[in-house]
Amino acid sequence: MIDATHYVALSLILFCLGLVGVMMRRNFITVLMSLELMFNAVNLNLIAFSFRLSDLAGQVLAIFVITVAAAEAAIGLGLIIALVRLKDTVALDEADVMRG
Amino acid sequence: MDFLITNFAEILFYVFAVLTVAGGIGVLAFKSPIHAALSLLFSFIMVAALFLLRHAELLAAVQVLVYGGGIMVLFLFVIMLVNVKDLKLEQVFLSGIAPLAIIGGVLLGVLIAFGLVFGVLASGHGDGTALRSVDGDEIGNIEAVGAVLYTKYLVPFEVVSVVLLVAMIGAIVFGRRSAGLEGAGGGGGKTS
């Protein structure tokens, strides 16, 4: 029987994958993709517990999370455009204008 | 064959779970951003299938439409726009930090897994009927989510629309050509 524990374990794996991607990839675009992976892990948890507790609040919250993820993607991709315009690169370690 | 029929839900879950994780690993491992984006799209659709298994039909549709349609097109559009091939990116990972990042991720995983084992193990089983009924009438998941969203969660729903508006204005401000970004860094802004 598949219960919420399985989903929490899967979401844990997905979240850690996203975290490792955010920390170690050099390409800004791929870092944003890893961030989306982490959002997906959160949504999986919400849906699993919504089913487990027979409560629709989890699904409503997941809709809000998706909205915020879309907003974050728009802002992040705008940042990429600005970075390319400024430095002509998408490598994160070259975005060091504010480094002291 | 008998095993297949009795354990169908479990088999489906494991297949989709493995494919989701494979897509996630692809995002980390693929060198080209376009391959990473397609791998991410695959992972999104597998997550939508997992939503279906948990009786979240509306969320599965929203996942495919918003992630698979909107966000993925946005990513591909930006990859196309900045033309990553021309930007020299010979190094895939941040130098020096990659092993640390893997250790950190594994440590966090172990930590949460400990919390999982010794904390609330979410055993037991719900059924989907409460997720598709309003006031006891069984109608459907979309109607049920809508009824909750537009009554109990109306104020957060309106607030989240303001979030979207702010994000839209922010994206326009960042994308504007005369945002004062060009001269600031002295790093040779593109002129075209």
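**Close-up views of chains A and B**

**Figure 1. Helices α1(A) and α2(B) are roughly parallel to each other, because angles under 35 degrees count as roughly parallel.** In this predicted model, local features need pLDDT of at least 70 and side-chain atom pairs count only at pLDDT 80 or more, while totals for chains, interfaces and linings use all residues. Residues are numbered from 1 along each chain as its sequence is written, and chains are lettered from A and ligands numbered from 1 in the order in which they are written. Helices are DSSP runs (H or I, at least four residues), numbered from the N terminus. The axes of α1(A) and α2(B), the latter being residues 8–29 of chain B, lie 9 Å apart at an angle of about 5°. Such axes are lines fitted to C-alpha atoms over the stretch in contact, and angles run from 0 to 180 degrees between N-to-C directions. Residues of α1(A) in this contact include A:Leu10, A:Leu14 and A:Leu17, and those of α2(B) include B:Phe13, B:Val21 and B:Leu28. Two residues are in contact if their C-beta atoms, placed from the backbone, lie within 7 Å. By class, the contact of α1(A) with α2(B) has 11 nonpolar, four polar and no charged residues. Here Ala, Val, Leu, Ile, Met, Phe, Trp, Tyr, Cys and Pro count as nonpolar, Asp, Glu, Lys and Arg as charged, and the others, Gly among them, as polar.

**Figure 2. Chain A meets chain B through 67 residues of chain A and 84 residues of chain B.** Elements giving two or more residues to this side of chain A are α1 (4–24), α2 (28–52) and α3 (57–87). The largest share, 23 residues, comes from α3(A). The side of chain A that touches chain B comprises 45 nonpolar, 13 polar and nine charged residues.

**Figure 3. Within chain A, the axes of α2(A) and α3(A) come within 9 Å and cross at roughly 175°.** This angle makes α2(A) roughly antiparallel to α3(A), a term for angles over 145 degrees. Among the residues that meet are A:Phe39 and A:Leu46 in α2(A), and A:Val65 and A:Ile80 in α3(A). Their contact divides into 16 nonpolar, five polar and one charged residue.

**Figure 4. Chain B is assigned domain 1 (8–84) and domain 2 (128–177).** These bounds come from an automatic or database domain assignment. The centres of the two domains, taken over C-alpha atoms, are separated by 21 Å. Four residues of domain 1 are in contact with six residues of domain 2. On the domain 1 side, two residues are nonpolar, one is polar and one is charged.

Notes
Angles under 35 degrees count as roughly parallel, over 145 as roughly antiparallel, 65 to 115 as roughly perpendicular and the rest as oblique.
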